[in-house]
Amino acid sequence: MIAQPQPADCPLCSAAAERVRAAPRGYRYTCPSCGSFHISSVALRCRQDIPASAREDIRRLRAYGYTARIDIDRQHAVRVTPA
Ligand SMILES: [Zn+2]
C-alpha cells in the first residue's frame, strides 16, 4: 500500500505543505518553501526547538544531492543529517 499524502503545516515555516509517513518513525514533508525533507516523530513533537538554521541546512544538503533528515539526538539537540 502506498501512503497517501495528507495536508499538514510545515514544521519549519508553517506554510501549507503535504506529508507522508516515512520509515523509520517519521514523516516526509514536501513544503513549497523548504522543499522535501524527512523529520522524525520525536523532532516533530519538539518542533519549537528546531532552529531557523535548519532550513539553511536542508538547502545546503539538497545542493549536494541529499534529502535532509531532522532528528533529535541523545543530548536532545536537533540534528540535520543526510537521510
Ligand atoms: Zn516549510
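Start by selecting His38. His38 is buried, with a relative accessible area of 15%; buried means under 20%, exposed over 50%, and partly exposed in between, using a 1.4 Å probe and protein chains only. This is a predicted model: local features need pLDDT of at least 70, side-chain atom pairs count only at pLDDT 80 or more, and totals for chains, interfaces and linings use all residues. Residues are numbered from 1 along each chain as its sequence is written, and side-chain values use heavy atoms, with hydrogens and water left out.

**Around His38**

Show the contacts of His38. Leaving aside residues up to four places away in sequence, His38 touches Ala22, Tyr27, Arg28, Thr67, Ala68, Arg69, Ile70 and Ala83. Contact here means heavy atoms within 4.5 Å.

**The strands**

Now colour strand E4, residues 35-40, where His38 is found. Strands are DSSP runs of E with at least two residues, numbered from the N terminus. Five of the six residues in E4 are buried.

Which strands pair with E4? E3 does, antiparallel, through six bridges. E5 does too, in the parallel sense, over three bridges. Two strands pair if DSSP finds at least two bridges between them.

Select Thr30 and look across to E4: Ser36 stands opposite. Then follow the chain from E3 to E4 through a hairpin of three residues.

Go back to His38 and cross to E5. There the bridge partner of His38 is Arg69. Stay on Arg69 and look toward E6: its bridge partner there is Thr81. E5 (residues 68-72) and E6 (residues 78-82) run antiparallel, joined by five bridges. Their hairpin has five residues between the strands, and His76 in this hairpin takes a positive phi near 60°.

**The aromatic rings**

Rings of Phe, Tyr and Trp (its six-membered ring) pair if their centres lie within 6.5 Å; planes under 30 degrees apart count as stacked, over 60 as edge-to-face and the rest as tilted. How many aromatic pairs does this rule give? The count is two.

Tyr27 and Tyr29 make an edge-to-face pair, 6.5 Å centre to centre with 65° between the planes. Turn to Tyr29 and Phe37: their ring centres are 5.6 Å apart and their planes at 5°, so this pair is stacked.

Arg19 lies over the face of Tyr27, 3.9 Å from the ring centre. A charge sits over a ring if NZ of Lys or CZ of Arg is within 6 Å of the ring centre and within 35 degrees of the ring normal.

**The zinc site**

Last stop: select the zinc ion. What coordinates the zinc ion? The SG atoms of Cys10, Cys13, Cys31 and Cys34 do, at 2.3 Å. Donors are N, O and S atoms within 2.8 Å of the metal (3.2 Å for Na, K and Ca); water is not among the atoms, so sites may look incomplete.

Check the angles among the four donor atoms: they run from 102 to 114°, and the site is tetrahedral. Four donors count as tetrahedral if all angles lie between 85 and 135 degrees.

Along the chain, the donors follow the spacing C-x2-C-x17-C-x2-C. Cys13, in the loop between strand E1 (6-9) and strand E2 (16-22), and Cys31, in strand E3 (residues 26-31), are 18 residues apart and link distant parts of the chain. Cys13 is partly exposed at 25% relative accessible area, while Cys31, at 4% relative accessibility, is buried.

Key. Helix = DSSP H or I, 4+ residues; strand = E, 2+ residues; numbered from the N terminus. Tetrahedral: all angles 85-135°; square planar, octahedral: opposite > 155°, others 65-115°.
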